[in-house]
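Me: Please go through this model with me, one point at a time.

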Amino acid sequence: AVGEPGEADARHLQKLVGLAQGLAVAGQVLLFVGVAQPFGLLTGLCCATGAFFISTARCMRWTIIGHHISHGGYDKVQRSHPEA
């Protein structure tokens, strides 16, 4: 770690968590739209994009966010910025 966690670190972590959640929700909406359509190009694009968004969100949760949590970065941000 380089220095103590600050407000910018708390905002960055919140941004990453929010982005992962947004991608997961958008991916599920796209999958729903894709399967609700008759089979065609739009269905394929919606389903492929939705699957990509969901997989990116899962990867973010496990690698980016999980990495910081496993090294105690989240604990340090929570102590210095409890609202994060």
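Me: In which helix is confidence highest?

Reply: This is a predicted model, in which local features need pLDDT of at least 70, side-chain atom pairs count only at pLDDT 80 or more, and totals for chains, interfaces and linings use all residues. Residues are numbered from 1 along each chain as its sequence is written, and side-chain values use heavy atoms, with hydrogens and water left out. The mean pLDDT (the predictor's confidence in each residue, from 0 to 100) of the protein chain is 84, with 82% of its residues at 70 or more. Confidence is lowest in helix H3 (residues 73–80), at a mean of 67, whereas the highest mean, 90, belongs to helix H1.

Me: How many helices and strands does the protein chain have?

Reply: Helices (H or I, at least four residues) and strands (E, at least two) are taken as DSSP runs, numbered from the N terminus. Read from the N terminus on, the elements of the protein chain run α-α-α, and the count is accordingly three helices and zero strands.

Me: What is the separation of the C-alpha atoms of Arg-58 and Ala-20?

Reply: Arg-58 lies in helix H2 (residues 41–70), and its relative accessible area of 52% makes it exposed (over 50%, with buried under 20% and partly exposed in between, for a 1.4 Å probe and protein chains only). Although Arg-58 and Ala-20 are 38 residues apart along the chain, their C-alpha atoms are separated by 7.4 Å.

Me: Is Phe-32 buried or exposed?

Reply: Phe-32 lies in helix H1 and, together with Val-25, Val-29, Val-33 and Val-35, makes a nonpolar surface patch of about 490 Å². Such patches are made of residues with over 30% relative accessible area and no salt bridge, nonpolar side chains (Val, Leu, Ile, Met, Phe, Trp, Tyr) being joined within 5 Å and like charges within 9 Å; a salt bridge is a side-chain nitrogen of Lys or Arg within 4 Å of a carboxyl oxygen of Asp or Glu. Because its relative accessibility is 62%, Phe-32 counts as exposed.

Me: How far from the sulfur of Cys-46 is the nearest cysteine sulfur?

Reply: The structure holds zero disulfides, a disulfide being a pair of cysteine sulfur atoms within 2.5 Å. Cys-46 is buried, with a relative accessible area of 9%, whereas Cys-47, at 22% relative accessibility, counts as partly exposed. Cys-46 is in no disulfide, and the nearest cysteine sulfur, that of Cys-47, is away by 6.8 Å.

Note on methods: Areas by Shrake-Rupley, 256 points an atom, 1.4 Å probe, with all protein chains shown as cover.
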